[in-house]
Amino acid sequence: MLSVILGFVIDMLIGDPFGKWHPICAIGNLISFLKKGIRKRLPKSKSWELAGGALLVIVTVSLSAAVPFLILYLCFSINRYLGFFVETIMCYQILATKSLKTESMKVYHAFLTGDTEQARTAVSMIVGRDTSVLDRKGIVKATVETVAENTTDGVIAPLFYLMLGGPVLGFAYKAVNTLDSMVGYKNEENLYFGRISAKLDDILNYIPARMSGLLMVAAAFLGGFDGKQSWKIFVRDRYNHASPNSAQTEAACAGALNIMLAGNAYYFGKLYEKKTIGDDNREIEPEDIKKVNKLMYTTALLGLIIVFSVRFLFAL
């Protein structure tokens with residue numbers, strides 16, 4: 001558990017440089033390679049698409065868990081301190097608290113200089129929607145939404161699985177999460193091929209997403225935001241999304257900041273009609289990007305405390 005705490009602290013302080021040698025990037029490259037090979041040999045039918053998608057999940061998750069397991073086994077066999085060091089680095093690489101803040105704040109700083117196009121470019125790096133149609137308000141809203149939603153995917157869920165199974169289970173979770181972000185879309189290409197990836201991601205995030213939502217409500221009270229409104233909107237709007245998990249933190253965030261999130265959005269050139277989350281009590285503004293990051297950091301710290309406490313109690 002100490003490796004998880006140290007990894008968390010390192011991530012909070014310096015962030016995780018994301019390059020081609022990063023393990024999550026390697027998982028993404030593996031998915032692209034496997035997807036290309038499977039689809040090349042796949043007959044065009046619903047059943048074969050589902051089977052191919054299942055094969056992609058099995059191979060990706062198995063390799064993503066097996067590689068860190070073998071590395072840790074080897075390192076601990078050589079020296080326990082070496083094993084502990086490598087385990088800590090792995091925990092650090094699985095978490096994305098500082099990186100989420102850094103990338104979202106690029107949008108904020110672009111607005112400070114009045115460069116809306118740069119802000120649009122920055123937000124396009126962290127969201128899956130079509131950003132070319134977004135105005136100033138839409139860019140800010142997309143940024144706030146992705147920080148709120150990824151509080152689950154990038155922070156609380158990884159902490160949850162690190163607590164349960166260390167870096168091996170942590171990387172297995174990130175593999176599923178990466179699969180969902182790459183093929184888990186209801187478009188023509190991935191409707192059946194990515195279905196198992198999307199459903200498995202929903203299952204693995206079911207408990208962490210609700211933990212994240214509740215922790216964010218608590219963070220709203222502790223961080224000086226509107227805690228009562230956060231709880232109200234969390235209870236009312238946490239299922240206003242096609243995903244059973246995504247609106248959990250978005251609802252808590254919308255209430256805490258007294259803004260309205262979600263609504264219609266473009267993905268791959270197609271307009272998707274979506275329910276709104278929160279009340280339109282005030283106009284969303286770039287300063288809300290700073291606020292949602294404060295909310296996310298407070299939620300992350302609460303998450304670490306809860307995870308550590310639960311692990312400590314079970315160890316007694």
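R120 forms a salt bridge with E117, with the closest N and O atoms 2.4 Å apart. A salt bridge here means a side-chain nitrogen of Lys or Arg within 4 Å of a carboxyl oxygen of Asp or Glu. R120 and E117 are 3 residues apart in helix α6 (residues 116-124), about one helical turn. R120 is buried, at 14% relative accessible area. Buried means under 20%, exposed over 50%, and partly exposed in between (1.4 Å probe, protein chains only).

This is a predicted model: local features need pLDDT of at least 70, side-chain atom pairs count only at pLDDT 80 or more, and totals for chains, interfaces and linings use all residues. Residues are numbered from 1 along each chain as its sequence is written, and side-chain values use heavy atoms, leaving out hydrogens and water.

The structure holds 10 salt bridges. Three of them are listed here, including the pair above.

| Pair | N to O distance |
|---|---|
| R120 and E117 | 2.4 Å |
| R39 and E49 | 2.7 Å |
| D237 and R236 | 2.9 Å |

R39 lies in helix α2 (residues 23-40) and E49 in helix α3 (residues 46-78), so their bridge ties together parts 10 residues apart in sequence. Helices (H or I, at least four residues) are DSSP runs, numbered from the N terminus; strands (E) need at least two. R39 is buried at 17%. E49 is buried too, at 8%.

D237 is buried, at 5%.

Overall, the chain has 11 helices and 4 strands. Buried residues make up 51% of its 316 residues.
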